[in-house]
Amino acid sequence: QLNKDIQENKKQKQESEKDLKELKKIIGKMMAESKDRTRYDLLHKEKEGLEKIIDRLKQKNRDELEHLLSEIPIEGIKNKLNACIINFDGNIKEYEKKVKTLTTKKTQMESNLKSTQQDIENKEKEIRELDKEIRDTCVGDDLDGALEKSKTSMEDCNKLVGELQASEAVYTRYTEKLKKDDCCPLCHRDFSSKSDTEDLIEELEMKVKTVPTRLADAKEKLSNQERHNDKLIQLKPKRERTNRIKREVEGLKVKEENFLKNLTKVAEELDSQFEILNMTQSDVEMARKIQDDVSKIDEKLKRVKQINDEIEDLQVSLGSTGMLY
């Protein structure tokens, strides 16, 4: 009976030890599950806090992000913003290069335009001076008309000088004949009285006396007319020069018009490039201002992803025990 009792006690002890071991195992599992649950709750709380910060930072920089990236990326926001800044920096260098090239081109075109306009001004001034000289010399007539009038006037003056030179000899000869022969030197008709002869002689002598003065006046007039004619002839090359300069001015004005058109086009292009450059510089400045906030968003998004992965693992563990619910 004693053996039987010993065996029975031994068996009970073994069963008790087994139950205790199982109980310890259950208690350990419950403690681990409790720890996981606590960790799960803490992670959820941390995640909620991070998401609030992320939402606040996104809301704060919403307009800038949507302007720069066209959206608010769910992930990789920092890399996308950095790529945007790098792209802006490259574009700025390109735009600055274009602005410099266009500025140099505009300056050169303005210099060419100014030079052309100065040429036009100088040539138009010369044209006005030449036209005035021709107009003043021709006294209202065109040069060809003035030359024709001058030619006719010189012919008349030459004719008058010739007539006066001839008349002096004729009058002198007639006077001498009248004094010698008491009759008309032309028709040889006798005068009715001596007084008629004397009157004619006196008249002819008076005419002879006026001839030198009239001849001197006629020669002076002829000389003046010849000088005037020389001036007119000298105007021919000036008229040709005036016409040539006028053609040059027409060409220069066409050139000026083309310069103005091209300059306007370059100026508009330069203004456009300046506007693009200023906008891009403003955008890159905006991007750099929000870099710190975006870095925080990116850092916290990564932490949220880590928490989600850990929560997912905990959900698998806790879900199998029913403690998740």
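Contact here means heavy atoms within 4.5 Å. The model is predicted: local features need pLDDT of at least 70, side-chain atom pairs count only at pLDDT 80 or more, and totals for chains, interfaces and linings use all residues. Residues are numbered from 1 along each chain as its sequence is written, and side-chain values use heavy atoms, with hydrogens and water left out.

**View 1. Cys 84 in helix α3.** Helices are DSSP runs of H or I with at least four residues, strands are runs of E with at least two, and both are numbered from the N terminus. Cys 84 counts as buried because its relative accessibility is 11%; buried means under 20% relative accessible area, exposed over 50%, and partly exposed in between, with a 1.4 Å probe and protein chains only. Apart from neighbours within four places in sequence, Cys 84 is in contact with Leu 68 and Leu 69. The C-alpha atom of Cys 84 is separated by 9.6 Å from that of Asp 283, and the two residues are 199 residues apart along the chain.

**View 2. Overall fold of the protein, with six helices and zero strands.** From the N terminus on, the order of elements is α-α-α-α-α-α. Of the 325 residues, 27% count as buried. Among contacts between residues at least 6 apart in sequence, 84% join residues at least 24 apart. The protein exposes about 22,900 Å², of which carbon and sulfur atoms supply 49%; accessible areas come from the Shrake-Rupley method with a 1.4 Å probe, and for residues only the protein chains shown count as cover.

**View 3. The largest nonpolar core, with 35 residues.** A nonpolar core is a set of buried Ala, Val, Leu, Ile, Met, Phe, Trp, Tyr and Cys residues joined through side-chain atoms within 4.5 Å. The members that touch the most other members are Leu 65, Leu 68, Leu 81, Ile 290 and Val 294. Two or more residues come from each of α1 (2-60), α2 (62-69), α3 (77-138), α5 (194-289) and α6 (291-319). Helix α3 gives the largest share, 11 residues. Not counting residues up to four places away in sequence, Val 294 touches Leu 65, Ile 77, Lys 78 and Leu 81.

**View 4. A second, separate core of seven residues.** Its members include Ile 134, Ala 146, Leu 147 and Leu 232. Ala 146 is also in contact with Asp 141, as is Lys 149, when neighbours of Asp 141 within four places in sequence are left aside. Asp 141 is placed in the loop between α3 and α4 (143-180). With a relative accessible area of 29%, Asp 141 is partly exposed.

**View 5. Ser 70 in the loop between α2 and α3.** Ser 70 is not a glycine, yet has a positive phi of about 70°. Ser 70 counts as exposed because its relative accessibility is 66%.

**View 6. Thr 107 in helix α3 and Glu 226 in helix α5.** Thr 107 counts as partly exposed at 47% relative accessibility. From Thr 107 to Leu 263 the C-alpha to C-alpha distance is 9.3 Å, and the two are 156 residues apart in sequence. Glu 226 is partly exposed as well, with a relative accessible area of 35%. Between Glu 226 and Cys 157 there are 9.8 Å in space, C-alpha to C-alpha, and the pair is 69 residues apart in sequence.

**View 7. The largest pocket, with a volume of about 230 Å³.** On a 1 Å grid over the protein atoms alone, a pocket is an open set of points where a 1.4 Å probe fits, with protein on both sides within 12 Å along at least five of seven lines; lining residues have an atom within 4 Å of a point. Grid points are joined across faces, edges and corners, and the volume is the space filled by probe spheres set on the points. The lining consists of Ile 74, Glu 75, Gly 76, Asp 298, Leu 301, Lys 302, Val 304, Lys 305 and Asn 308. By class, three of these residues are nonpolar, two polar and four charged; Ala, Val, Leu, Ile, Met, Phe, Trp, Tyr, Cys and Pro count as nonpolar, Asp, Glu, Lys and Arg as charged, and the others, Gly among them, as polar.
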